[in-house]
Amino acid sequence: MPHIRPVSDLRNNFADISKVVHETAEPVFLTKNGYGDMVVMSIEAYEKMQLDVMIYEKLKQAAVEAQTTDVRYDFDEVASEMRNKLLEKL
C-alpha cells in the first residue's frame with residue numbers, strides 16, 4: 001500500500017517520513033490540497049531506480065539491435081571478452 005501524507009508532514013514530521021522511506025525502501029507520496037504534489041524517497045531507493053532504468057534501456061537497445069541485424073554472438077566468446085575486460089581493471 002502506498003504511503004500518502006500531506007505535504008505539511010514534511011515540515012512537521014520530517015523524522016517520521018525519513019524513517020518510513022529508509023525502513024521500507026518505498027517512496028512517500030505527498031499531497032497538497034488533496035492532490036499529488038511530490039514524492040520523497042531515500043537516496044538508496046532513488047539510485048536503485050536509476051540503475052533499473054539504465055538496465056531497462058540497455059535491454060531495450062539490445063532487443064532493437066537483435067530485430068534489425070543478423071549479427072549474433074557466441075556466449076563463450078562474449079564471456080571470455082567480459083572476463084578479460086574485468087581482469088584489465090584489476
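Biologist: Where does Asp70 sit?

Modeller: Asp70 lies in the loop between α3 and α4 (75–89). Helices (H or I, at least four residues) and strands (E, at least two) are DSSP runs, numbered from the N terminus. This is a predicted model: local features need pLDDT of at least 70, side-chain atom pairs count only at pLDDT 80 or more, and totals for chains, interfaces and linings use all residues. Residues are numbered from 1 along each chain as its sequence is written, and side-chain values use heavy atoms, with hydrogens and water left out.

Biologist: Why is Asp70 called exposed?

Modeller: Buried means under 20% relative accessible area, exposed over 50%, and partly exposed in between (1.4 Å probe, protein chains only). Asp70 has a relative accessible area of 75%, so Asp70 is exposed.

Biologist: How far apart are Asp70 and Leu87?

Modeller: In sequence, 17 residues. In space, 30 Å, C-alpha to C-alpha.

Biologist: Now Ser42. What makes Ser42 buried?

Modeller: Its relative accessible area is 4%. The limit is under 20%, so Ser42 counts as buried. Ser42 is in the loop between β3 (35–40) and α3 (43–68).

Biologist: What does Ser42 contact, leaving aside its neighbours within four places in sequence?

Modeller: Val21 and His22. Contact means heavy atoms within 4.5 Å.

Biologist: Is Arg5 buried or exposed, and how do you know?

Modeller: Arg5 has a relative accessible area of 17%. That is under 20%, so Arg5 is buried. Arg5 belongs to strand β1 (residues 3–6). Beyond four places in sequence, its contacts include Asn13, Asp16, Ile17 and Val20. Val28, Phe29, Leu30 and Thr31 are also among them.

Biologist: What makes the link between the side chains of Arg5 and Asp9 a polar contact?

Modeller: A polar contact is a pair of N or O atoms within 3.5 Å. Within protein, one atom must be able to donate a hydrogen and the other to accept it. Residues adjacent in sequence count only if both atoms are side-chain atoms. The Arg5 and Asp9 side chains are joined at 2.8 Å, so the pair falls within the limit.

Biologist: How do you know that β2 and β3 pair?

Modeller: Two strands pair if DSSP finds at least two bridges between them. Five bridges join β2 (residues 28–32) to β3, so they pair. The two strands run antiparallel. Leu30 has Met38 in β3 as its bridge partner.

Biologist: What is the strand order in the sheet?

Modeller: The order is β1-β2-β3, in an open sheet with mixed pairing. β1 and β3 each have a single partner strand, so they stand at the edges, with one side left without a neighbour in the sheet. On average, neighbouring strands are turned by 35° against each other, direction ignored.

Biologist: Which residue takes a positive phi in the hairpin of β2 and β3?

Modeller: Asn33, near 55°. The hairpin has two residues between the strands. Asn33 is not a glycine. Its relative accessible area is 72%, over 50%, so Asn33 is exposed.

Biologist: Which residues form the largest nonpolar core?

Modeller: Ile17, Val20, Val21, Val28 and Leu30. Such a core is a set of buried Ala, Val, Leu, Ile, Met, Phe, Trp, Tyr and Cys residues joined through side-chain atoms within 4.5 Å. The largest share, three residues, comes from α2.

Notes
Axes are lines fitted to C-alpha atoms, for helices over the stretch in contact, and angles run from 0 to 180 degrees between N-to-C directions.
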